[in-house]
Amino acid sequence: MKKRLICFAFAALTITCMVGQRMPANLQKLLNAEYAINALYVDSVDEKKLVEDAIVGMLEKLDPHSAFTTAKETKELEEPLQGEFSGIGIQYNMKQDTLYVIQTIVNGPSERVGILPGDRIIFVNDTTIAGVKLKNTDIQKKLRGKKGTKVTVKVKRGSNPELITFVITRDRIPLRSVDASYMLDSKTGYVKISSFGAKTYKEMMDALKKLKKEGMKQLIIDLSDNGGGYMDAAIQMVNEFLDKDQMIVYTEGSNSPRNEAKANGYGNFKDIKLVVLMSQYSASASEIFAGAIQDWDRGLVIGRRSFGKGLVQRPIKFEDGSMMRLTVARYHTPSGRCIQKPYTKGNKKGYDEDLLDRYNAGEYYNIDSIQFNDSLKYTSLVKKRTVYGGGGIMPDVFVPVDTTEYSKYYRDMLAKGVIYQFALDYVDKHRAELKANYKSVKDFDAKFHLTDADMKDFIATGEKEKVKYNEEQYNISKNVFHTFLKGLICRDVFSDDSAYSIIVSHCNKDLQEALRLINDDARYNTLLTTGNTEYEKIAAKHKAKAAQKK
């Protein structure tokens with residue numbers, strides 16, 4: 001023991017001598033503490049985990065977005081943003097603990113060997129995955145792997161009791177961040193973007209070029225529920241809509257000098273009429289995009305106040321593949337707004353509950369519940385409209401969350417997976433008939449309707465899953481049930497875009513409002529010139545109430 005203490009003292013002294021005055025005392029303290037625990041603690045310790053826990057502990061005392069991830073977690077986080085992974089190339093759902101193939105990726109590994117939509121994968125490399133309640137992540141581990149490696153799957157097709165064996169060679173599989181793009185009417189294009197990844201700019205440009213050929217004269221970009229991603233992707237995308245030298249975003253921090261990103265003037269869509277959709281879950285890069293469009297009076301933002309994530313993280317990678325994402329700056333919109341919502345250092349729980357607090361305050365449902373603080377008022381850069389900062393992007397047009405058709409019965413049917421299960425079963429039974437009767441999405445949307453008998457089967461499917469039928473609540477949600485089921489069936493028979501064109505266009509109140517607005521030149525131009533005067537009235541009302549209390 002005495003020998004170990006001498007060794008420890010010598011090592012600590014060596015560290016101190018090596019760095020001399022250059023190593024801060026607090027860092028010496030940290031190094032000495034780690035060495036002492038590893039060398040002297042009564043039980044054996046995992047030194048790697050000890051160090052990682054120390055990093056996590058330090059970051060927890062900072063802002064809510066500085067974080068540490070292990071090598072495995074880092075890979076899983078970066079994969080969706082890189083835009084591809086290696087796998088077998090299927091889109092699937094789990095139905096009654098069985099993997100059900102919804103689609104195969106065009107020219108992907110599974111399509112090349114002959115796997116079809118509707119197939120059920122029962123075995124993967126002689127391991128049963130059906131009926132054993134595997135987690136989704138466990139199934140992904142079995143199907144994904146290095147490019148060029150092989151995986152053997154056994155598939156049940158239709159009512160045939162014999163399983164079909166396929167040997168699939170894994171390949172690179174693209175991940176899309178542009179979920180859908182299609183024409184809403186003869187002149188209005190729609191693009192739904194789910195994240196900002198390495199390939200999002202190219203995906204967006206491909207979508208816009210396609211829509212332009214189809215007659216697009218005006219555009220709705222849907223960033224609702226988009227949690228962000230790469231800031232550079234957002235900058236590239238906004239650049240397409242702004243004039244030369246118009247600022248897109250700037251970042252600044254105590255140890256990071258101001259850094260500005262400006263448009264280069266070569267954008268292809270600088271004059272197109274534009275509306276951007278946002279929700280309370282839209283964050284980070286989404287807010288950079290919407291903030292720049294709003295500040296330059298380049299288009300209108302519709303929806304609800306966005307999340308409010310305006311902190312810039314710098315990834316610091318370690319040799320073992322783990323990573324620390326350290327907040328180094330705040331980003332600001334061109335007018336100077338800091339989008340980051342307030343937080344208390346070290347209080348992540350309170351920060352995470354902000355959306356719940358907004359919900360409880362009625363902000364999602366009633367415009368009068370929104371608080372407008374005079375200190376957070378800014379002015380747009382061309383039309384000099386009032387815009388607000390200090391906690392997300394405030395839309396130019398508020399659209400409340402619509403709950404009128406979403407009954408408890410609907411929520412229970414959704415939670416139990418009945419809606420998806422019924423749609424999968426329906427297509428499984430009628431696939432050939434559907435493909436023969438409907439030649440296109442437009443044809444399907446115009447002619448296909450679920451019958452009363454179909455809906456009775458749907459209700460019965462819910463009963464089997466212990467969802468008790470409630471006639472009153474069913475009638476409240478009847479239209480939503482029909483629309484969602486129709487969209488899911490269409491997705492299975494045709495493509496993802498078709499599901500969006502049916503479900504989103506018919507059920508999404510935000511999009512319906514956006515389409516009305518972009519087609520109403522007078523209202524559009526008034527809002528773009530004067531701003532939302534209703535906000536000013538609400539701010540004055542809250543100010544008067546506060547004065548009365550004093």
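Author: At 7% relative accessibility, Asp297 counts as buried, because the cut-off for buried is under 20%. The model is predicted.

Reader: Where does Asp297 lie?

Author: Asp297 is in the loop between helix H9 (285-295) and strand S16 (300-303).

Reader: What is the phi of Asp297?

Author: Phi is near 55 degrees, a positive value in a residue other than glycine.

Reader: Which other aspartate has a positive phi?

Author: Asp245, at about 75 degrees, and it is not a glycine either. Asp245 sits in the loop between helix H8 (231-239) and strand S13 (247-253).

Reader: Is Asp245 buried, partly exposed or exposed?

Author: Asp245 counts as partly exposed, because its relative accessibility is 48%. The band for that label runs between the 20% and 50% cut-offs.

Reader: Now strands. How do I read the two faces of one?

Author: In a regular strand, side chains alternate between the two faces of the sheet. Take strand S7 (residues 150-156) here. Its covered face holds Val151, Val153 and Val155. The uncovered face holds Lys150, Thr152, Lys154 and Lys156.

Reader: Which strands pair with S7?

Author: Strand S5 (residues 120-124) pairs with S7 in the antiparallel sense, over four bridges. Strand S8 (residues 164-169) also runs antiparallel to S7, and six bridges join the two.

Reader: Which residues stand opposite Val155?

Author: Ile121 stands opposite Val155. In S8, Ile164 stands opposite Val155. Val155 itself belongs to the covered face of S7.

Key
Residues numbered from 1 in each chain as written. Predicted model: local features only at pLDDT ≥ 70, side-chain atom pairs only at ≥ 80, totals over all residues. Heavy atoms only, no water. Buried < 20%, exposed > 50% of the residue type's maximum accessible area, 1.4 Å probe, protein only. Pairing = 2+ DSSP bridges.
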